[in-house]
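Thanks for coming. I will go through one model, starting with a term or two and then the contact between the chains.

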Amino acid sequence: MKNTDQNSNYISGKTGDWEIVIGLEIHAQVLSSSKLFSGASTEFGKDPNHNVSLVDAAMPGMLPVINQTCIKQAIKSGIALNAEINKYSVFDRKNYFYADLPQGYQISQYKYPIVGEGSIKITDANGEDKVIGIERIHLEQDAGKSLHDQHPSKSFIDLNRTGVALMEIVSKPDLRSPEEAASYVKKIRTVLRYIETCDGNMEQGSLRADCNVSVRKPNGDLGTRCEIKNLNSIKFISQAIQYEAERQVEILENGGVIDQETRLFDTSTGETRSMRSKEDAHDYRYFPDPDLLPLELSDSQISEIRSDMPELPDQLVERLISEYGITKYDANVIVEEKEYVHYYENSAKNRDGKLVVNWMTSELFGLLKKNNIQFNQNPISPNHLNELVELIENKTISGKIAKDVFEIMFATSKSPKMIVKEKGLEQVTDDSVIEDFVDQVINENKDKVKEYLSGKDKLFGFFIGQVMKVSQGKANPGLVNKILKSKLK
Amino acid sequence: MNNNSKIDLDTLKKLGKLSRIPIDETGSNELMEDLNKIIGFIEQLNEVDTESVNPLSSVTGHNLPIREDVVDDGNKNNDVLENAPEKKSGYFVVPKVIE
């Protein structure tokens, strides 16, 4: 490990460097049609209290029955995170009172989670691989939603989300900077989306994170941590960690001590603040839920899921590098979203993979961003990008003209061949035509020719530029170069 | 739980708070006495050596019942809200609780 690289993560205080230590708990909503323990729908955005069964509303006498798909999804996620799958796990009651938790307890897993230790590879600030440990994944129920802004003294409660299955993915305290935390969340989200166990939609709250943050002198003993609850964007996660770490450093350097507590991040100020009701918050009095027997899995159940796993992002990166000869950086950009990979593989068929990836990541992504268009609304089909690169490869058009063609493709969704034909943009490779262009430029710039011939070599570039201009950019640059040289002797 | 775990007034107050049950000072002595009797009774179990015995989760020999992932419930807003002391626009309405 290079020391200088390490230091870039440190906070420099009055008393020297401080290292940030971060562990994350990610709550990922499981993709399933119905809830973890009831047959009510998980669909987002329904009328309030529509997707609620009497089980979710915790009416007396209702019994939870577990959803098979949620179990499979948790196992699948565990396998994708290289984790141990526990054949024996237990559901416990985590007791606390809150208006959006009608049972008075959350059904969760405490001592015996369904998934044990695993790991995930992320890219750190220096572009290097770093392995982050996963402590466990357990299944639990989501809570309902409280609306506090509808009335001055009342809260409104919607139980639609109550009982939807969550996977809580707990990392080891292996993260060392806000950037690493962001990279970790992104990677987890990508993996879950690939294997389709969570849609990763942070705006809708399908993926949220609690961040445990502490600071210490480099390689010293661990400091006291604070937990920042319920962050629902990657940007907020980075901001909250940065703020919190700096807050702790300031307290410690002024001789204070850190209270272990739960804090909230205020997205409008970028600050974290202490939650009021903290004293009894952690007295959850876990005990095994008497309504649910332990969950026992067989080897064949697990191996069946294992043999049916789709290609994972890390494997895909390796394959794209070896199959298309692109850089690791580019491969990572493409693999970030499944739809990018699909698009790339279709547009790179029989083409120069590097050329295609450049067009995709710089030109296409650039135009989409500039015009604020989502990737799935992309007006250029993979076939058309393939065709455009083919036109460049077989020298029908130059790279420069291709950019103009690309913009027309973007605006009209027309095929590049058609655009090139309609606008007469084919590259001129006919020697005699280019000779005419060259002659014209020489005739119009006699004084410059004289200067050039008397030793001002730098003017050669000027002549190239003029010929390209006269040809409206269509002359083959190699031929222009050759013919100009022979004529300017 | 060990033998010297006794419910004192502080513990009783904490239990009351966690259970959202108001503890009346006058009745607290009686409550403490009852709770300590219950705990004392349960604590007899500590006399049994369970060193090599796994926890028993069920005596029926059944496995955890499992259902298919099918939507066959919900869509009963009125039933769900039926007993709510206060409701509005399809929501339960409760005293404001902000953390």
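Strands here are DSSP runs of E with at least two residues, helices are runs of H or I with at least four residues, and both are numbered from the N terminus. Two strands pair if DSSP finds at least two bridges between them. With that, A:Asp92 stands opposite A:Pro288 in strand 16 of chain A.

Before more of that, the conventions. This is a predicted model, in which local features need pLDDT of at least 70, side-chain atom pairs count only at pLDDT 80 or more, and totals for chains, interfaces and linings use all residues. Residues are numbered from 1 along each chain as its sequence is written, chains are lettered from A and ligands numbered from 1 in the order in which they are written, and side-chain values use heavy atoms, with hydrogens and water left out.

Back to the sheet. Strand 5 of chain A, residues 92-95, runs antiparallel to strand 16 and is joined to it by 2 bridges. The open sheet has 3 strands in the order 6-5-16, with antiparallel pairing. Strand 6 (105-108) and strand 16 (287-288) are at the edges with a single partner strand each, so one side of each has no neighbour in the sheet.

Now the interface. Contact, meaning heavy atoms within 4.5 Å, involves 52 residues from chain A and 38 residues from chain B. Buried area is the accessible area, with a 1.4 Å probe, that two parts lose on being put together, summed over both. For chain A and chain B that is about 4,100 Å², and carbon and sulfur atoms give 57% of it. On the chain A side, A:Phe97, A:Phe156 and A:Leu293 lose the most area, together 14% of what that side buries.

How many salt bridges does the rule find across the interface of chain A and chain B? There are 2, where the rule asks for a side-chain nitrogen of Lys or Arg within 4 Å of a carboxyl oxygen of Asp or Glu. B:Glu86 forms a salt bridge with A:Lys154, with the closest N and O atoms 3.0 Å apart.

Strand 10 of chain A also pairs with strand 3 of chain B (residues 91-95), antiparallel, over 4 bridges. In that pairing, B:Phe92 is the bridge partner of A:Ile157.

Last, a backbone item. B:Ser89, in the loop between strand 2 (87-88) and strand 3 of chain B, has a positive phi, near 50 degrees, and is not glycine. B:Ser89 counts as exposed because its relative accessibility is 58%, the cut-offs being under 20% for buried, over 50% for exposed and partly exposed in between (1.4 Å probe, protein chains only).
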